[in-house]
Structures are given as C-alpha cells and as structure tokens.
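The entries below follow the order in which I looked things up.

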Amino acid sequence: MKATEITNGIYRLGINLDNDTLFEGMWPMPHGISINSYVVRGEKTALIDLVEDVGEKPVEFEQELHSIPLQIEDIDYLIINHMEPDHTSWLPKFYKRNPNLQFYITEKGAAVLKAFCGIETNVHIIKTGDTLDLGGGKALTFYEAPNLHWPETMLTFEQSSGILFTCDAFGSYGAITDVIFDDQLSSEQHDFFMREALRYYANIIGGFSMFVKKAIDRLDGLDIKMIAPSHGIVWRENPREIIDAYLRFARYMNGPAEPEVTVIWSSMYGNTERLVNVMVQGVRSEGVPVHVHRVPDDHVGFILASAWKSSGLIVGMPTYEYRMFPPMAWVLDMFGRKKVCGKKVLRFGSFGWSGGAQRELQILTEKLKWDFLDPVEWQGAPSEDVLNLAAKSSRKLARQIKAAG
Ligand code: FEO
C-alpha cells in the first residue's frame, strides 16, 4: 500500500495484523486489525505512533514511507501517544536507523519507553497544552489522557488541520485496505466498523470507561475536524459520531445500557440447554432483542461486546462440583476484570445433588452491582413447572429491561 495524504502535508500509513493472530495474545480478530501511523510534514517532520515488529510488516511500512517520499532518516520527531508494543515494538530497530530521532511522550510513557525499549536518550516529556511547532504552518499540541487504556496515554492535536491523533481511543478492529475514511464506507462497511469499535472497546478500553469521559471533556473547545486513531478508519465526515459512540459505550459500564438481553449459556448433558430456547422466546415475546452465546464455544471477546451493550443478562449454567461450571466461571471472571457493571441478571441451571453455582456467581459479581432476579434452578432434568417458570422469569426480566429504558 501507499501512504494516503489525508490533508495537505499529513499522511496516513499503516499495516494490518493478520486475522489468524490474537490481539494482545488473547482477542480474536476474524477480520484483522490495522495499526495506523501518521506523518505530519512542516519544515520538520513528525511521525505519530509506530507499528509492530512482526514478520515483514516493517518492510511494508518503510515502503509506504518511501511513497510519500520519506526515508526513516528524514523523520525528526516521533510522537508516542501510547507505548503498548503493537505501536512500539519496532522502535528499537527504528531508532538505530535514525539515532537523531527525538521522542515526545508523557512522563509515565518515558518510564515505559525505557522498560520496553531501553531508550532514555532524546526523550522530551510533554504536559497537557505543550506545543511542538514543526514550522510550515504545522503545530502539534499534546493532551495527557491517562488510562486509555494504559496510564501513560496521550492525544495529539494538529492545529492547522484540526486532526486529533488518538492512538487506541476511538479505534476498532478490522483491517484497512483501500478505504480509510468514514465517508468512503458503504452502509454495511459503516455498520461493520461501528460493531468492531464496540467489540474493541469492550475488549480493550471498557474497564477504563471512567477515564473516557474525562479525556473527552478535556478536549472541550477544540475544533476537531478529523479523528485519526491508530486502529481502524479515519473519521473525517463526522468525527462527532465516534466521539458520541465512545461516550455511549462508556455510559454502558454502569448501566442501563441498551434495552437488550444477552443470553450466555453452557450445558453438560443437555438439561440446562433445554431452557435456552424458552428463555430466548420469553424475552423476544416482550419485543426485546436477544444475543445468544454458548460457552465455551464462543470466545469471551465476542461475549463481552454483547454483554457490554445489553442491560440484561441471562446466564445459563449448571452447578459443577458445588460451584459454577468452570468454562462459564472464566467468562464471568473476565466480566469482573472488564467491569461489566450494573446489569439485571437472571440465572438458570440444573444441579446433580446440590446447588452452589448461584452462590458463587453472586459472590464473584458482588462488586459489579448486578441486580439478580430469583434464579431458576432444578435437580436433574427440567419439569414442566420449571419450563413454565423459565418462560415467566425471562418475560419478567425483559419487562424490567424495557422499563429501565
Ligand atoms: Fe493499540 Fe493499547 O495498543
């Protein structure tokens, strides 16, 4: 690919990580992910965020630089909005090629730069409001934006163009090929990137939602004409759309989220499974949309996205050795780590000789402030009474979700 000039003197470059790898070593990316980088050329040249050192990707990236045309040695400044290695693992080699490179980074970022890359020279610590004048009418102003999603993160605003470079924030999964702007997307592509933005948010940013609003508030008064993240598309036509989406995703953390229900279920021998359709139909009969995931078949990365967006959860799992069914315990533990808070929850499941799953579930999720309906539990195979109770309870949950808005 060639670099794309997104406005006069500012270029977008990038690589795509392949869809057979896991992001952060754990999140599936069936459609890959882009790692974007940006060149801002004034009298001096700045590169904003770098790419991962994986396979031949740095070679591809260097070819994109050449298409501008630029050589690695021509770059004066590297702006490091975020130190996670998907943006920096190539940095030690890159610096060897250009030892005059000057780094602009937050104080916490500088410590991580030393720890990950062994770099302590040419480092300039920025504070919110500091500006780096590139000459030629281009100037970069920095904004500390901690915990999006590491403690050292910052945002960079180019004054003449109104472009905000945000690294992970406002990013999404999904490889980028020939289309890089929101206004070039078909409605299907647009829906895809919004879905993948939500999944990326739930996987990567969600646990830090309290910092998202703070960061956006800090930008109040800036005339933002484009949002240029380091994953996903550039929001040129309507940058407010992705800002508002992030504010909405952040609000979901404490609920209520959308008036939808996510059903997450697991079953050992089919007894718990027999209630799944009853529950789904019960919720649908109240006109509430339902997302259904089976555990362990569906990866928690996808389940998180559905659960994050839904005000209601239905958790189907049997008791296993007096406790929660282990594959579901892993999913629920992840919900705790990612702070899936404020849900209305109905659990159902069978047990062989005693219960225990419900008790452990309530203890595990205590800090998440979930509002539990009475569980539907039974010994062995479900009776007609149990099936009727399941229908009634799922309708009750759906009505509560609708009432909460
Ligand atoms: Fe794209 Fe947090 O790294």
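These entries concern a predicted model and take the helices in turn.

**Entry 1: α5 and α9.** I began with a pair of helices. Two packed helices are described by the angle between their axes and the distance between the axes. For helix α5 (residues 187–205) and helix α9 (residues 300–309), I noted an angle of about 100° and axes 8 Å apart. Angles of 65 to 115 degrees count as roughly perpendicular, so α5 is roughly perpendicular to α9.

I then listed the residues that meet. On the α5 side they are L198, R199, Y201, A202 and N203; α9 contributes G301, F302, L304, A305, W308 and K309. By class, this contact holds seven nonpolar, two polar and two charged residues.

**Entry 2: α10.** I checked the length of helix α10, which spans residues 326–337. Its twelve residues reach 17 Å from the first C-alpha to the last, close to the 16 Å expected at 1.5 Å a residue.

Which residues of α10 are buried? I found M328, V331, L332, M334 and F335. They lie on the same side of α10, because the arc they cover around the axis is only 150°. An α-helix has 3.6 residues a turn, so residues three or four places apart point the same way.

I next asked what covers the buried residues of α10. The cover includes the strands β4 (27–28), β15 (258–265), β17 (310–316) and β19 (323–324), together with the helices α9 and α11 (357–364). After α10 comes K339, and I noted that its phi is positive, near 60°.

**Entry 3: α11.** In α11 I recorded A357, Q358, E360 and L361 as buried. Their arc around the axis is only 165°, which puts them on the same side of α11. What does the face turned away from the buried side of α11 carry? I found the exposed residues R359 and I363 there. Covering the buried residues of α11 are, among others, α10 and the strands β18 (319–320), β19, β20, β21 (371–372) and β22.

Technical notes:
Residues are numbered from 1 along each chain as its sequence is written. This is a predicted model: local features need pLDDT of at least 70, side-chain atom pairs count only at pLDDT 80 or more; totals for chains, interfaces and linings use all residues. Side-chain values use heavy atoms; hydrogens and water are left out. Axes are lines fitted to C-alpha atoms, for helices over the stretch in contact, and angles run from 0 to 180 degrees between N-to-C directions. Helices (H or I, at least four residues) and strands (E, at least two) are DSSP runs, numbered from the N terminus. Angles under 35 degrees count as roughly parallel, over 145 as roughly antiparallel, 65 to 115 as roughly perpendicular and the rest as oblique. Contact means heavy atoms within 4.5 Å. Ala, Val, Leu, Ile, Met, Phe, Trp, Tyr, Cys and Pro count as nonpolar, Asp, Glu, Lys and Arg as charged, and the others, Gly among them, as polar. The expected span of a helix is 1.5 Å times one less than its number of residues. Buried means under 20% relative accessible area, exposed over 50%, partly exposed in between (1.4 Å probe, protein chains only). The arc is that of the directions from the helix axis to the C-beta atoms.
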